[in-house]
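The sequence and structure come first.

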Amino acid sequence: MKFAPTDKLITDALRYMRVPPDGHNDELTHAVSEAFSRLEECISPRCTWGRFHFSRSGGGIDIEGAHIHSRDILRLTARSDECYLIAATLGHEADRQITLAQQKNMLDGLMLDACASVRIDAFVDEFMKREIAPGLHENEFMTSRFSPGYGDLSMSVTEDIIAILDATKRIGLGVTRSLMMTPIKSITAIAGLFYRA
């Protein structure tokens, strides 16, 4: 069945492209929708995750031998001693197609790149809802996810998440010396777990 992007995905892609709301029109919306459809033909979405106990120390949390220094993560996990680590990717072919598109037509490349950024986010949200959330026990709730590079959570935490999840072996996700993920259209994140009486 042909992939049909929602209005929200299209709007989010246009936002990534920095198109102001008053710049939206039928022609541009149709072009973005077509870009999503082309993207769908080349992606291989994969995700790996785990639920882990952690302890607090030195302004952060210690998890599986790694120290993650972050006040934001301390706040995210304030009501629990467990969290979820998540890693996901659209695969290398998505990166290759974006590069090819950029070489042929910058606008087309920009459009495909924006669609891929939105698509990996949507994939992770749907995966968490479908695969992780159903495993929560009664009175357990999951926070929104928080990725390295946001707030005070260092990009270097990406390496820790990939290592803890063995994401290179499981889904082919790596990280360069400059802390860029490969494939580029990938996400690592931490989600807190909290309890409600």
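## A loop residue with positive phi

The model is predicted. In the loop between α6 (157–165) and α7 (167–171) sits D166. D166 is not a glycine, yet its phi is positive, at about 55 degrees. Most residues other than glycine have a negative phi. D166 counts as partly exposed because its relative accessible area is 35%, which lies between the 20% and 50% limits.

R18 also has a positive phi, near 65 degrees, and is a residue other than glycine. R18 belongs to the loop between α1 (7–16) and α2 (26–40). With a relative accessible area of 76%, R18 is exposed.

## A cis peptide bond

The peptide bond that joins T182 and P183 is cis, with omega at about -5 degrees. Most peptide bonds are trans. P183 is placed in the loop between β8 (181–182) and β9.

## The sheet

An open sheet is built from four strands in the order β1-β5-β9-β6, with antiparallel pairing. The edge positions are taken by β1 (46–53) and β6 (140–146); each has a single partner strand, so one side of each has no neighbour in the sheet. On average, neighbouring strands of this sheet are turned by 20 degrees against each other, direction ignored.

Eight bridges connect β1 with strand β5 (residues 82–89) in the antiparallel sense. T48 has A87 in β5 as its bridge partner.

Strand β9 contains A189. Is A189 buried or exposed? A189 has a relative accessible area of 0%, so it is buried, the limit being under 20%.

Apart from its neighbours within four places in sequence, A189 is in contact with Y84, L85, I86, R145, F146, S147, P148 and I161. Between A189 and D121 there are 68 residues in sequence and 11 Å in space, taken from C-alpha to C-alpha.

## Helix α5 across the sheet

Helix α5 (residues 106–132) lies across β1, β5, β6 and β9 (186–195). The direction of α5 is at about 135 degrees to β5.

## α4 against α5

Helix α4 (residues 92–104) packs with α5 at an angle of about 155 degrees, and their axes are 6 Å apart. Because angles over 145 degrees count as roughly antiparallel, α4 is roughly antiparallel to α5. Their crossing is left-handed.

On the α4 side, the contact is made by Q97, I98, A101, Q102 and K104; on the α5 side, by M106, D108, G109, L112, D113 and A116. Sorted by type, the residues of this contact are five nonpolar, three polar and three charged.

## α1 against α5

How do α1 and α5 cross, and at what angle? Their axes come within 8 Å and cross at roughly 130 degrees. The two helices are therefore oblique to each other. The crossing of α1 and α5 is right-handed.

In α1, the residues L9, D12, A13 and Y16 meet A114, C115, S117, V118, D121 and A122 of α5. The contact of α1 with α5 divides into seven nonpolar residues, one polar and two charged. D121, one of the α5 residues in this contact, is also the residue that lies 11 Å from A189, C-alpha to C-alpha.

Notes. Residues are numbered from 1 along each chain as its sequence is written. This is a predicted model: local features need pLDDT of at least 70, side-chain atom pairs count only at pLDDT 80 or more; totals for chains, interfaces and linings use all residues. Side-chain values use heavy atoms; hydrogens and water are left out. Two strands pair if DSSP finds at least two bridges between them. Axes are lines fitted to C-alpha atoms, for helices over the stretch in contact, and angles run from 0 to 180 degrees between N-to-C directions. Contact means heavy atoms within 4.5 Å. Angles under 35 degrees count as roughly parallel, over 145 as roughly antiparallel, 65 to 115 as roughly perpendicular and the rest as oblique. A crossing is left-handed if the near helix is turned anticlockwise from the far one by less than a right angle, and right-handed if clockwise. Ala, Val, Leu, Ile, Met, Phe, Trp, Tyr, Cys and Pro count as nonpolar, Asp, Glu, Lys and Arg as charged, and the others, Gly among them, as polar. Buried means under 20% relative accessible area, exposed over 50%, partly exposed in between (1.4 Å probe, protein chains only).
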